[in-house]
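Look over the sequence and the model below before reading on.

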Amino acid sequence: MLRAIGPSARTHRISVVVASMLQYAYEIYLKRMDNNEKNELGEIMLTAFETGYDEAQEWLSPVVKTLFMDAGLKMDLVSELPQKYRKL
């Protein structure tokens, strides 16, 4: 999905899509957890969503980086101004 929409979309708009995808995956994981179906990504999301922002960023950054790399998207945010944004 990200590979299809990524090249023509703005990064700040893709972030909303990624956040929604992660939220949906988290909800699915919670339903499966009731059946004792656990996996590494689900446990990462569970930990991230139950902690504060800083901890969540630490846990989810590798997941988001992998999603972006798999989709062929660049990690640098670019401004119309000559300055760069911070990297993920």
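## Helix H4

In this predicted model, H4 has a kink of about 40° at Leu60, shortly before the proline Pro62. The bend at a residue is the angle between axes fitted to the seven residues ending there and the seven starting there. H4 contains 19 residues and spans 25 Å from its first C-alpha to its last, close to the 27 Å expected at 1.5 Å a residue; the expected span is 1.5 Å times one less than the number of residues.

Ala56, Leu60, Val63, Val64, Phe68 and Ala71 are the buried residues of H4 (buried: under 20% relative accessible area, 1.4 Å probe, protein chains only). After H4 comes Gly72, with a positive phi near 75°.

## The nonpolar core

The largest nonpolar core has 16 residues, and Leu2, Ile14, Val18, Leu22, Phe68 and Leu73 touch the most other members. Such a core is a set of buried Ala, Val, Leu, Ile, Met, Phe, Trp, Tyr and Cys residues joined through side-chain atoms within 4.5 Å. Helices H2 (11-33), H3 (40-50) and H4 (53-71) each give two or more residues to this core. H4 supplies the largest share, six residues.

## The whole chain

The chain has four helices and zero strands (DSSP runs: helices are H or I, at least four residues; strands are E, at least two; both numbered from the N terminus). Of its 88 residues, 23% are buried.

## Basis of the values

Residues are numbered from 1 along each chain as its sequence is written, and side-chain values use heavy atoms, without hydrogens and water. Local features need pLDDT of at least 70 and side-chain atom pairs count only at pLDDT 80 or more, while totals for chains, interfaces and linings use all residues.

Key. Buried means under 20% relative accessible area, exposed over 50%, partly exposed in between (1.4 Å probe, protein chains only).
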